[in-house]
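The following questions and answers examine one protein model. Please consult the sequence and the structure while reading.

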Amino acid sequence: MNDTMLSVGNDLSKKINIICLIAAILIVLVLPFKKEIWYDETVSVLCSKGISHDTQGAFANTNTLSSSAIDQFNTAGNVCSATMVDNSNSLLYNLGLHWFTAIFGNTISRYMLFSKLWAIAALVAMFALTRTMLKDHILTSIATMLFVTDLGFVSISHEI
């Protein structure tokens, strides 16, 4: 396939590239329509709150557990400890999720939003790199669409 077959006007190509980037970002933001977290994601949430499987020993002599008792573990130091004990996520991810949810709240959608924002950052970085290498070629749009439809990328961009 020669270059002229994929070549469209420079202005038109720019517009198509931007439209494809916006569409890719919308795909990441909108999907999935329904989300239930699974075991591994639960461990990620707990680690981001400084809770690991070792934490239960701190409550061995109590009959009831209050949210204030659990909140005492919600520190950056405990997030580091919980990450080393329980989780294969990076420390940077768990600390980021810790601070992100401290600011924006603790709901499944907020936990997912943190991953979605990083997915959007990856899309924009890939778009910028492709555009730097190919200028305003239509292949930038194709690369963007291939990236956002990759099953690995899509699934991880919604996972906590």
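Q: Leaving aside its neighbours within four places in sequence, with which residues is S157 in contact?
A: This is a predicted model, in which local features need pLDDT of at least 70 and side-chain atom pairs count only at pLDDT 80 or more, while totals for chains, interfaces and linings use all residues. Residues are numbered from 1 along each chain as its sequence is written, and side-chain values use heavy atoms, with hydrogens and water left out. Contact means heavy atoms within 4.5 Å. With neighbours within four places in sequence set aside, the contacts of S157 are V28, M112, S115, K116 and A119.

Q: Is S157 buried or exposed?
A: Buried means under 20% relative accessible area, exposed means over 50%, and partly exposed lies in between (1.4 Å probe, protein chains only). S157 has a relative accessible area of 3%, and therefore S157 is buried.

Q: Which backbone oxygen does the side chain of S157 reach?
A: S157 is placed in the segment after helix 9 (151–156); helices (H or I, at least four residues) and strands (E, at least two) are DSSP runs, numbered from the N terminus. The S157 side chain also makes a polar contact with the side chain of H158 at 3.4 Å. A polar contact is a pair of N or O atoms within 3.5 Å; within protein, one must be able to donate a hydrogen and the other to accept it, and residues adjacent in sequence count only if both atoms are side-chain atoms. The backbone oxygen reached by S157, at 2.8 Å, is that of V154.

Q: How many helices and strands does the protein have?
A: Along the sequence, the pattern reads α-α-α-α-α-α-α-α-α. The secondary structure therefore comes, by the DSSP runs, to nine helices and zero strands.

Q: Against which helices do the buried residues of helix 3 pack?
A: Helix 3 covers residues 39–48, and its buried residues are E41, V43, S44, V45, C47 and S48. These buried residues pack against helix 5 (76–86), helix 6 (91–104) and helix 7 (108–134).

Q: Which side chains meet in a salt bridge?
A: A salt bridge is a side-chain nitrogen of Lys or Arg within 4 Å of a carboxyl oxygen of Asp or Glu. By this rule, the count is one salt bridge. D136 counts as buried because its relative accessibility is 15%, whereas R131 is partly exposed at 27%. With an N to O distance of 2.9 Å, the pair consists of D136 and R131.
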